[in-house]
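Dear colleague,

I am handing over the structure we spoke about.

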Amino acid sequence: MKKILFVVLAAAMLGTLLVGCAGQSGAAPTTSGPTLITVKGKIAAGTYLLDQAAFDKNAKEGPYFDPWTGKAGKDVTFKGIMLKDLITLVKPASDAKTVSMIATDGKAFDVSLADAQNFNIMLARWIDGTPLEEKTGGPVKLAYPKEATQYTPEQWAWWVVSVEFK
Ligand SMILES: Nc1nc2c(c(=O)[nH]1)N[C@H]1C(S)=C(S)[C@@H](COP(=O)(O)O)O[C@H]1N2
Ligand SMILES: [Mo]
């Protein structure tokens, strides 16, 4: 009698376990991290969200001279999503001319689509391997390569939260 009860209990527990596993593997992974950048305007999807996973997946790195946190003559390594790669991801409309970076303080910083394609202008997320913090313009700030001389240090947009194709 006791043995039968044990077998029934064990079977019930195993059943619960199997159902639990099936439920988990069947569920689509809908979780995604908090949005870092909202891309909008003249793009194929209407709105395109970049979270940390998108940065991890699409990031590139290179040497930049940071006019605000850099030391004289010394480059830092910025890592993030190049505007040219963002263009590939979001497919702007053929009549889009400008990429506008909008910051938490409401200021907008415009880059021409041509410059975004020709230069390694980056939505930087890391500086020397460390995520950018608010005091250094993070979580995401715009970084221009030395070659893009038409852009001044004042145009290094800090605290970028959205990108609009216009
Ligand atoms: N979002 C945003 N980014 C910005 C600015 C700003 O006002 N807003 N000012 C620029 C200028 S003029 C400077 S000096 C640096 C640092 O600005 P802060 O010292 O006012 O923080 O950020 C640059 N990027
Ligand atoms: Mo400034």
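The notes cover the ligand site and then the aromatic residues.

This is a predicted model, in which local features need pLDDT of at least 70, side-chain atom pairs count only at pLDDT 80 or more, and totals for chains, interfaces and linings use all residues. Residues are numbered from 1 along each chain as written, chains are lettered from A and ligands numbered from 1 in the order written, and side-chain values use heavy atoms, without hydrogens and water.

A nitrogen atom of ligand 1 lies 2.6 Å from a polar side-chain atom of Asp105, and a nitrogen atom of ligand 1 is 2.9 Å from a backbone N or O atom of Trp158. The side chain of Lys107 places an N or O atom 2.7 Å from an oxygen atom of the ligand. The protein buries 66% of the 500 Å² that ligand 1 exposes when taken alone (Shrake-Rupley method, 1.4 Å probe).

There are 5 aromatic pairs (ring centres within 6.5 Å, using the six-membered ring of Trp). Tyr144 and Tyr151 are stacked, with centres 4.8 Å apart and planes at 20°; both are buried. Tyr64, Phe78, Tyr144, Tyr151 and Trp156 form one aromatic cluster.

Regards

Technical notes. A polar contact is a pair of N or O atoms within 3.5 Å; within protein, one must be able to donate a hydrogen and the other to accept it, and residues adjacent in sequence count only if both atoms are side-chain atoms. Rings of Phe, Tyr and Trp (its six-membered ring) pair if their centres lie within 6.5 Å; planes under 30 degrees apart count as stacked, over 60 as edge-to-face and the rest as tilted. Buried means under 20% relative accessible area, exposed over 50%, partly exposed in between (1.4 Å probe, protein chains only).
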